[in-house]
Amino acid sequence: MAPRLSAAATPLAPVVDACLAQSCKSKSAPFVRSFSSTPFQQKMSRARQQMYQWLKGRDGSEFADPKGGPRYLGPLQDQPFPLNPLFRSQPVLDEQTRELIWDKVMGRGESLKAVSAEMGVDVRRVAAVVRLKEVEKQWQREGKKLATPYAKAVMSMLPKTYYREGEKNLPHEPVNEIHVHKLTMQQLFVPVSESRHFTREDAAKAFHDTMLSVDARSPQPELINMEREILEGKTRQESLAKFKEATQKEEDKVARRIVQEQQREEKATTRVTTDRYEFRFKEINADDVGRNGRSRKGTGWRYGAPFDDRKRGLVKIPTSVP
Amino acid sequence: MRKPYRFYSLARPKLRQSWNKYNLYNLYRQTGREPQIRGTPTFFQQKWAAKAKTRSYHGEHIPEKKWVRLFSRRLLSAVDMPPEYLAAHDGSEQAAGRGSGLTTSNVTAETFSKVPALSTQERSRRRPLFGDVNKLLSDQFNNMTPYMQMTFAPLERRLDTAVFRALFASSVRQARQFVIHGAVTVNGKKMVHPSYQLNPGDMFQVDIEKVMYGTGVQKAADAHKRLHENLEARQKKADKALQNAVKKLGGNATAEPTAEPAAAEGETEGEKPEADAEAAEGEVATSEDAGSLTPEAQWKLNNRALKFLLKDVKKILKNNPKELSAKEKKQLRLFRADAKRFLSHPEKSEADVVELIDELQLQMKSHELMRESFEKLDLKEGQAQSQVEDGAEVEAIEATSKEAEAQPAVNREREVEKGLEGLSDEQKTKAKKIIGDAKLSKEEMRKLARLLQMDEENPVDDSKPYATPWRPRPYMSAFAFIPRYLEVNPNICAAVYLRHPVARKGMAEVPTPFSYLTSQLTHNWYLERG
């Protein structure tokens with residue numbers, strides 16, 4: 001937008017005069033000249049007036065420079081949108097808690113599921129926190145500058161959950177959340193005899209033959225087992241140790257599988273290092289391309305098979321990034 | 001899509017995905033509410049109005065055709081199933097006694113949940129409106145899963161929206177620009193398509209500079225004019241004073257190498273401390289350049305420089321580091337520039353704070369050592385000259401400083417007292433001043449390093465496209481929330497898209513400023529049924 005002329009010049013002629021006078025006067029800077037000679041509207045519209053009144057008033061100025069701690073528009077403490085009480089600003093993990101999660105997983109070698117169950121944080125979030133922290137640590141090692149002032153400001157504006165070791169803490173979020181399956185969103189009327197013990201498994205079967213029950217779809221089945229053992233009369237400590245061992249074993253298994261995969265891959269490739277490149281050769285099977293030569297499993301481009309990657313009408317935006 | 005004319009309007013207000021103050025005001029005066037029913041608007045009219053309203057907020061930059069393709073009538077939700085409940089009950093208690101007229105047990109999964117509930121605490125200041133239809137209607141929705149609020153969930157998967165939701169940009173359009181300009185990576189690979197649909201587990205990362213630019217206060221044209229003027233003036237004065245001092249001291253050094261400096265010092269200290277400070281200011285500049293001087297004169301030059309350098313800092317260090325005034329902050333910045341000059345770093349160099357402090361410490365130590373050697377010489381000639389006041393003073397200092405090297409800082413005061421036993425009160429104060437001026441204790445040094453480090457975190461830097469030191473832009477706090485489907489690490493400006501947004505009992509994860517009724521009408525519009 002072109003800069004507007006300053007204040008009290010409503011009619012055009014004085015403005016032009018002023019411009020001329022100014023340009024004549026300042027010989028040192030002949031190019032200093034305003035672009036527009038239209039005077040701006042002197043009267044502020046009522047709506048704008050009211051807006052500035054509000055912004056400069058008590059409420060608005062509170063938002064302009066917050067005193068620390070979250071402050072939202074809505075009538076409720078954690079409600080950012082005044083009209084929508086169904087959306088709330090939920091707390092995030094604070095800096096120390098994230099550091100603690102990273103330490104537990106990377107430093108002390110606890111399993112993700114055990115950390116998740118102990119701290120009341122979703123397993124996926126635990127993994128994400130560790131992943132992001134790893135990047136942060138790498139940056140620190142490289143001497144790359146972090147966005148500290150930004151992070152401080154943002155964290156001061158958000159509600160936070162704290163987890164302190166050795167204290168009584170509230171869970172951050174439910175750790176055993178189950179997606180509502182599409183098949184279960186219908187209302188079913190299943191006639192069942194009154195004497196029958198109709199469990200969750202039966203209910204799942206009633207919706208669909210292949211439908212799994214909640215217990216089978218749980219992200220934390222070991223935790224359910226642990227609770228069951230406690231109800232059967234074992235001590236909490238004992239079953240907790242067992243739970244930790246089970247999750248650790250499972251995680252070790254996954255880790256071992258990944259290592260094996262890498263080793264197999266390594267075995268199949270031959271590396272030839274020249275002074276500029278490292279060539280990696282792998283055995284391929286020419287039959288992988290399938291009968292029409294266009295199977296996704298095949299290697300390379302078949303002679304005669306057209307490239308589709310630049311065709312009109314085909315979406316080029318990738319659907320996943322490995 | 002092109003940005004529409006009058007994007008933020010007060011006359012025909014629309015809500016936008018932005019932190020703009022017009023938008024804040026529009027949100028405050030409840031622009032998106034359902035209008036009072038006047039006349040008999042048809043269902044179609046109501047739907048149309050609701051759709052227009054919501055689309056001006058959700059993906060306003062996306063063509064309608066594209067959004068319609070994205071729309072999904074399958075709305076996701078999740079239920080909390082505490083393991084305690086699953087272990088204790090197998091679900092049969094839900095079916096028991098049904099149909100026989102028995103009241104069943106009130107055991108549900110919800111009663112086992114330990115997750116803290118949403119706050120119901122109202123801010124007391126605002127009085128509730130009488131007969132607020134929107135509120136009355138929305139109260140009952142707290143006990144159900146608000147599926148309708150999930151209508152625009154597919155848009156939350158888009159990369160540009162996720163960047164905005166993670167608080168890395170001040171509007172979706174800005175987030176989109178960041179993506180297009182190549183400042184965003186997904187899983188470490190540059191992604192230039194704002195419409196890329198994030199998959200659960202994708203990590204996206206935005207260039208820190210862009211984030212600071214997007215979320216920081218805008219840069220004013222000549223914000224640091226005063227600071228630069230100050231720095232420039234200091235430099236100029238320094239150059240001038242150095243030449244004078246070199247000339248003067250050079251003459252003195254040849255004429256009377258030993259007695260004169262002490263006398264000169266006494267004189268300047270007593271009579272015109274300001275003039276001394278000004279001269280020393282100059283010597284801060286390049287005291288090491290004066291190679292033509294005798295070592296003693298050079299040392300004196302150095303001493304004055306150090307004294308001046310530490311003059312303001314001492315005052316600052318006495319205060320609480322968290323409550324520095326603007327003036328003190330400025331002094332700290334000036335000190336930094338001076339220290340760089342003193343240690344003959346190039347002015348623009350990006351010296352690390354730790355390095356700077358280490359070097360300063362080294363300089364001080366060598367300075368101390370040099371003083372000791374000079375003072376030994378002094379002592380011999382001082383005896384010959386018999387009782388020169390300052391000679392005695394220097395002797396005392398020498399004794400104390402030797403001890404002080406070994407002793408911890410706590411004992412120092414006492415040591416100084418002991419060393420100065422034979423002197424008059426006036427001399428004592430003078431001697432202490434000399435010790436204090438040109439030297440910082442280890443404690444003070446550490447404190448100074450911490451202060452400088454704090455300043456280093458958020459420095460004044462004119463090369464940045466935002467106002468420095470960085471501050472969050474005004475009205476940001478009203479929009480600062482991070483939905484649970486993202487896990488954000490603001491230190492590196494990166495986030496992980498954990499899962500798709502879901503609805504739960506009493507709350508939906510899609511941030512939308514509209515009420516349930518409006519969303520319902522919108523959803524019905526896109527269902528394309530009558």
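**Figure 1. B:Tyr475 in the loop between helix 20 and strand 5 of chain B.** In this predicted model, B:Tyr475 lies in the loop that runs between helix 20 and strand 5 of chain B. Its phi is positive, about 70°, although the residue is not a glycine. Most residues other than glycine have a negative phi, and most peptide bonds are trans. B:Tyr475 counts as buried because 22 C-beta neighbours lie inside 10 Å, and 20 or more are needed for that class. The loop between helix 20 (442-457) and strand 5 also holds B:Pro469. A cis peptide bond joins B:Thr468 to B:Pro469, with omega at about -5°.

**Figure 2. The open sheet of chain B.** Five strands of chain B form an open sheet in the order 3-2-4-6-5, with antiparallel pairing. Strand 3 (189-190) and strand 5 (486-489) of chain B are the edge strands, and each pairs on one side only. Strands of a sheet pair through backbone hydrogen bonds, either parallel or antiparallel. Strand 5 of chain B runs antiparallel to strand 6 (residues 494-497) of chain B, and four bridges join them. Opposite B:Asn489 stands B:Ala494, in strand 6 of chain B.

**Figure 3. B:Asn187 in the loop between strand 2 and strand 3 of chain B.** The loop that links strand 2 (184-186) with strand 3 of chain B contains B:Asn187. This residue is not a glycine, yet phi of B:Asn187 is positive, near 50°. B:Asn187 is classed as partly exposed because 15 other C-beta atoms lie within 10 Å.

**Figure 4. B:Thr518 in helix 21 of chain B.** Helix 21 of chain B spans residues 516-527 and includes B:Thr518. With 26 C-beta neighbours inside 10 Å, B:Thr518 is counted as buried. Leaving aside residues up to four places away in sequence, B:Thr518 touches B:Gly32, B:Glu34, B:Ala50, B:Lys53 and B:Thr54. B:Ile316 is 202 residues from B:Thr518 along the chain, and their C-alpha atoms are separated by 58 Å.

**Figure 5. B:Val68 in helix 3 of chain B.** Helix 3 of chain B covers residues 64-70, and B:Val68 is found in it. B:Val68 is exposed because 10 other C-beta atoms lie within 10 Å, and the limit for that class is 12 or fewer. In sequence, B:Val68 and B:Leu527 are 459 residues apart, while C-alpha to C-alpha they are 9.8 Å apart in space.

**Figure 6. The contact between chain A and chain B.** Chain A brings 80 residues to the contact and chain B brings 93 residues. Several elements of chain A each supply at least two residues to the side that touches chain B, among them helix 2 (46-56), helix 7 (148-157), strand 3 (177-179) and helix 10 (221-232). Helix 6 of chain A gives the most to this side, with nine residues. By class, the side of chain A that touches chain B has 50 nonpolar, 13 polar and 17 charged residues. Strand 3 of chain A pairs in the antiparallel sense with strand 1 (residues 78-80) of chain B, over three bridges. Here A:Ile178 has B:Val79, in strand 1 of chain B, as its bridge partner.

Note on methods
Residues numbered from 1 in each chain as written. Chains lettered and ligands numbered in written order. Predicted model: local features only at pLDDT ≥ 70, side-chain atom pairs only at ≥ 80, totals over all residues. Contact = placed C-beta atoms within 7 Å. Nonpolar A, V, L, I, M, F, W, Y, C, P; charged D, E, K, R; others polar. Pairing = 2+ DSSP bridges.
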